[in-house]
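Visitor: Could we go through this one together? I'd like to begin with the sheet.
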Amino acid sequence: METLANGIKIGEKPDGMEGHGFFATSLEKVVGLARKNSIWPLPFATSCCGIEFMATMGAHYDLARFGSERLSFSPRQADLLMVMGTIAKKMGPVLRQVYEQMAEPRWVLSVGACASSGGIFDTYSVLQGIDRIIPVDVYVPGCPPRPEQIIDGVMKIQRLVETESLRRRDSAEYKAMLNSYGIE
Amino acid sequence: MDVKEPVTDQFYQAPEKQYSYLNLGPTHPATHGIFQNVLKMDGEVIVEATPTIGYIHRAFEKLAERRPYNQITPITDRMNYCSAPINNIGWHMTVEKLLGIEIPKRVQYLRVIIMELARITDHIICNAVIAVDTGALTGFVYMFQQRESVYEIYEEICGARLTSNVGRIGGFEREWPEKAWEKIDKFLKEFPVVLKEFDDLLSRNRIFMDRTVNVGGITAEMALSYSFSGVNLRSAGVDYDVRVAMPYSSYEDFQFIIPVGKSGDVYDRFMVRQEEMRQSLSIIKQAIEKLPEGPFHAKVPEFYLPPKEEVYNNMEALIYHFKIVMGETDVPKGEVYHCVEGGNGELGFYLISDGGRTPFRLHMRRPCFIYYQAYPEMIKGSMLSDAILTMSSMNVIAGELDA
Amino acid sequence: MELDDQEKIIAVINEKFEGEILQTEMLYDFLTITLKKDKIVPIIRQLYEHADTKFQYLTTLCGIHFPDLNQIAVMYQLHNLFTNQRIRLKIYLPIENPTVQTLTTVFPAANWMERETYDFYGVIFEGHPNLKRILNVEEMTIFPLRKEYPLEDQVRNDKNDSMFGR
């Protein structure tokens, strides 16, 4: 990375052909680059991990630097569903409905032990992991995870967003995966 | 001319009242936690509200019947997770009451310090969130930075930020390091400045007062009949504070004022919490000044892990270590109730032990669950934005609501 | 609690409801009175209104299942904020028919507490305005906190039971 004045680094540009006044690269790379730096999360915060998320959005561990300045509480306008906290069986249908309302492309980040696998609550009323009802892209373990871990999870989502093929959401494999969860 | 009746248009018929139903929640940016309210509204005014809770029911009471006594502490963390040390220490005191253990003075003072820090963090969240709900987003960011300072103090003492699992049955796991005391001193210097800034921003602010005065009020009689406790009860005018009524952990050694409001509205709750934060700072200062010397744990070898050097060299210590870790220590039979002043009110633990390694019955008296019942009554006749403010000022925490 | 305070409270109950008290004991400084179940609500109302014992604050209410006795107990804790006294009242209900009168006429705070006891143990409170499940899923047919039901989620198949003490 080249360094400008004051130690500011510029990110790497994708491979392509450069000339006087133009830069040619594949569409996927440009779209990936644009998408990864402006992910709008939907914070589905239910319990203690939600407080760590509030700390991540605070001034110390600013998540807004990664482009997630605008939290969207409406599923239609969100890209990333961050499920933070325990999901009880009573809450399962609500989570499923919120996921189905999101528009493609959408990603799911499961924050915390309770969302990933039920956590310490191995009881009759807790859903043992949200991947029983919706497909999950990245799991962040911890109880609760430190804000640095949540940021690491978001950065891994960014990696997925950057390298995703533009045709993935229409492919038969993706549709089969959604069908296995019962989502059309 | 005598007008006996007003002249009416014989063709005018008042339209039939039409109500609309608005579903507030379970996931909603303004409800801090997940609970649902179906509001029957006449335009903008709320006529009736039907709450539904249980969206985060994790069966703590049944889980406690499976776990030995020292393994229940992490569960109590997750009840009121904004001020987790108070729950932990409340549970430890319940078990110590059952066992009849005498706790050294130093441990009691250290417990007071960490409980008052936890109370400050709980009130930080609640007041910052009241401000956010009226639209004042900056206050939240400033106050949350102070919560980071308290997280660093917790990390020095027990290793975790939020769900602290602090202390053990009988005391603390280690003597507090020097760094912790330095950080506490730094916090005591910096926090009053930020608190005053936050106070100056909002407490005499015309817009804030217009939004919060006479909103969501409750009378003292109604609050008592709904078994309110904590800040919500004190802002309605009743000075019931468990730290004064039934002092525990040497609270009687400290001088502090209980702030009491008048009308129980959102503004009173905000101001009572602000004053309680200042009183907590004063209690911490008094505790640091008067801190006695002594051991950092009581002598209870059956419940308190022995130091590792003894475990490797001493047979009894090895046996105690094994029994404590495997949870095979037996506890005397008994039935005990102990309450502490949590961030939201009287947090009580009712424990029945039948002599086995796990409790026979553990019932937690959760203040949020009890006072949230009055919410539909409190918002009848108010507008939607006022209802949102009332909910956030009552500091309803979903983990404590559902347990 | 001093001995004469205890006797005063017992005298207030015995004034109108002679013979309802089955047992009194002092457990860890808490006066615990076991009563017969039929007149519990009038007794609590008497304790609420009588000038000597103004127990006008309901601290908590919960259920306890005793599988060996085949009974479900309901425990009420009351607090007198004027003189800072607290008592605990317990009634035992047979498990085949655990019904008792509701306390919501005396304390509105008992509304959700009784719903929670119904949800967990199946205790029916007669006269309750809205006795439905509050914390568990509405469609649940069992009363999960009774001792015969397991804690764990029975649908789970990815944990090795022998390693988790089941």
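Guide: Two strands count as paired here if DSSP finds at least two bridges between them. The model is a predicted one, and on that criterion chain C has an open sheet of five strands with mixed pairing.

Visitor: In what order do the strands of chain C lie?
Guide: The order is S1-S2-S5-S4-S3. Strands S1 (21-27) and S3 (57-66) of chain C stand at the edges with a single partner strand each, so one side of each has no neighbour in the sheet. From one strand to the next, the twist averages 20°.

Visitor: How many bridges join S1(C) to S2, and do they run parallel or antiparallel?
Guide: S1(C) and strand S2 (residues 30-35) of chain C run antiparallel and are joined by six bridges, and C:Leu27 stands opposite C:Phe30, which belongs to S2(C).

Visitor: Switching to helix H3 of chain C: is it buried or exposed?
Guide: Eleven of the twelve residues of H3(C) are buried, so the helix is largely enclosed by the rest of the structure; among the buried ones are C:Trp112, C:Arg115 and C:Phe120.

Visitor: What does H3(C) span, and what follows?
Guide: Helix H3 (residues 110-121) of chain C reaches 16 Å from its first C-alpha to its last, close to the 16 Å expected at 1.5 Å a residue. After H3(C) comes C:Gly122, with a positive phi near 85°.

Visitor: And chain B, which residues make the nonpolar surface patch?
Guide: B:Leu305, B:Phe322, B:Val325 and B:Met326 make a patch of about 380 Å². B:Met326 lies in helix H13 (residues 315-326) of chain B, and this residue counts as partly exposed because its relative accessibility is 43%, between the cut-offs of 20% and 50%.

Notes
Residues numbered from 1 in each chain as written. Chains lettered and ligands numbered in written order. Predicted model: local features only at pLDDT ≥ 70, side-chain atom pairs only at ≥ 80, totals over all residues. Heavy atoms only, no water. Patch = residues over 30% accessible without salt bridge, like charges linked within 9 Å, V, L, I, M, F, W, Y side chains within 5 Å. Areas by Shrake-Rupley, 256 points an atom, 1.4 Å probe, with all protein chains shown as cover. Salt bridge = Lys/Arg side-chain N within 4 Å of Asp/Glu carboxyl O. Helix = DSSP H or I, 4+ residues; strand = E, 2+ residues; numbered from the N terminus. Buried < 20%, exposed > 50% of the residue type's maximum accessible area, 1.4 Å probe, protein only. Expected span 1.5 Å × (residues − 1). Axes fitted to C-alpha atoms, helices over the stretch in contact; angles between N-to-C directions.
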